[in-house]
Amino acid sequence: MSETTNSETYDIIFAGGGAAACITAGRLAQADPSLKILLIESGPHTQELQDHVQPGRYFRNLTLPGKTFTFHVAQPSDSLAGRSCLGGGSSVNFAVYTRAAASDYDDWETVFGNKGWGSKDLIPLIKKAETYQSEIFNSTHGTSGPIKASMAASEFNIAEQFLEVAVQYDKERTLAEDINDFTTTNKYGSLEEVRCSPSLHLQSAIGWESTHPDRKRVVRVIFEGNKAVGVEYVDDIIGDGTGRTLTSIVRASRLVVVSAGAFGSPAILERSGIGARSILEKNDIQVLVDLPGVGQNYMDHNLIFVPYFATEDSDTLDTLFRGSEEEVEPYVTQWKNEGKGLMAHNELEELGPEFEERWKSYFANAPDKPVMLFAPFSVYAGLNPNTPRGKYFSMCYFTGYPVASGHVHITSGVDAYGRLDFKAGYLEDMADVVVLRWAYKKGREIARRMNAYRGELDLGHPDEAVPKRADGPVDMNTTKIKYTPEDDKAIDEHHRKTVETSWHSMGTCAMKPREIGGVVDERLNVYGVQNLKVADCSISPGNVGANTYNTAIAIGEKSAVIIAEDLGIKGAMTSA
């Protein structure tokens, strides 16, 4: 059953309320409080909810589907040993703050032809968004933005041991004071945490004429000819419980901005008649613009967690992740009272010939691009229910720039909740496989030298690794483990069985020339129509070697400047 409500009119409508959209809408509302802005979001408001404001609880948002997170199941893939992978924001992320390499953004400008999207233009905007609260400060950081980034208030022995062992064991790399300065790579260092989400920035910035309803999902953009004039959206049928779908149509007098992320944005465009003709016709959608790039170029990072047993005195998050509320309560009290404690936590030859071409074509002339991002994780991060309770730490690593890519397309022309045709593309290129193999070996050597090390958890290692308990770490000068070709195959197979999303989905409405699969131009305009832009991580034409939250911030800030310029709105500055 479906009901339709009468339409209202706004100046600007945002179809999606993630990090980029909140920042863009907030900046526009600050610049002109008279603007009437509508931001439609499928998730609920999360302000002051403990699972979103207490940093140590973030994992609960990622392990089970809920109101704030949607799982998208990919096609089974031979490169993943027949498995399907899951993919799917700032309210549910790891609260880790990493910034991309400057050359990542320079690629957007020089390789893909997007004037004004290079590092010289984006870094001032990233600084504008940031208040950097660290003893180490340099000119790449901001001092007065709404996003507060700081080091954890408490030090944890797993992190300390990792850094101590890493620089002693790995003689080729040193410690860096700041690995978030857009240029430093091939070093070890500490990462900041994020202390404020863009949604809070939106709530403090918007005027009375701005509206942001939650638990709604956009079906399609409404057009008059080829001009976007509004959107159609439905109530969240998952949470409604009445069996009734309430359809609403709202109109935009000046602009519609699609900002529903790497999964939602291409789906909205396709349901609106913008996409590859074959996809649209298969779903009985009238073709408005034949734009084959929509939904293509899906990018992510290939994530692995490898668990190890830890000593009982190790500072781990296992209780927070897997304990009862009674067990967690003491840590909550400490965090509320003091802001500290566990709740506040948040080799080329070895890679072989499979990686040689990728190195020469992509990394050799870009020394700021990381091949692999690597970190200790003070917890068992797996989902196997048979893992006994105890103290664990994990080695976490993901590839900065996987070669393989995938796609996201609709399977229904009218159902905003319909299953997506999602191909992740993970590990379909051997260059991606050998990088993970190298990282497993490197991480294992560092882990077994850490004081907390008490062996390898068999559920998270290749069968041939023969995991076992240990009485303590090996000596720092112990010879590296030697691996046979059969061992390498076992490691590769293990990665195919266990690799997962890093929740860094992007690229499916790429900002690049139309003739090479682009969906939007450098002004974020969707090719072939008027009054329609896309503003979220789906516009990324190339990957970034970092967690994508900071890139979403950059896109949000840049989008506000572009929209303000196009609409003649004064006051949206390009820097602080």
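On a 1 Å grid over the protein atoms alone, a cavity is a set of points where a 1.4 Å probe fits but cannot get out, and its lining residues have an atom within 4 Å of a point.

I noted first that this is a predicted model, where local features need pLDDT of at least 70, side-chain atom pairs count only at pLDDT 80 or more, and totals for chains, interfaces and linings use all residues. Residues are numbered from 1 along each chain as its sequence is written, and side-chain values use heavy atoms, with hydrogens and water left out.

**Confidence.** I looked up pLDDT, the predictor's confidence in each residue, from 0 to 100. The protein chain has a mean of 83, and 78% of its residues reach 70 or more. Over residues 84-92 pLDDT stays under 50. Residues 197-210 also stay under 50.

**Largest cavity.** I found a volume of about 50 Å³, taken as the space filled by probe spheres set on grid points joined across faces, edges and corners. Its lining includes Phe-355, Arg-358, Tyr-401 and Asp-432. Helix 14 (356-363) and helix 15 (430-447) each give two or more residues to this lining. Helices here are DSSP runs (H or I, at least four residues), numbered from the N terminus. Helix 15 gives the most, with three residues. I sorted the lining by class: eight nonpolar, one polar and two charged. Ala, Val, Leu, Ile, Met, Phe, Trp, Tyr, Cys and Pro count as nonpolar, Asp, Glu, Lys and Arg as charged, and the others as polar.

**Second largest cavity.** I read a volume of about 40 Å³. Among its lining residues are Tyr-298, Asp-300, Pro-402 and Tyr-426. This lining has six nonpolar, three polar and one charged residues.

**Helix pair.** I checked helix 1 (residues 19-31) against helix 17 (residues 549-567): their axes come within 8 Å and cross at roughly 35°. Axes are lines fitted to C-alpha atoms over the stretch in contact, with angles from 0 to 180 degrees between N-to-C directions. Ile-23 and Leu-28 of helix 1 are among the contact residues, as are Ile-553 and Ala-560 of helix 17. Contact means heavy atoms within 4.5 Å.

Terms used
On a 1 Å grid over the protein atoms alone, a cavity is a set of points where a 1.4 Å probe fits but cannot get out, and a pocket is an open set with protein on both sides within 12 Å along at least five of seven lines; lining residues have an atom within 4 Å of a point.
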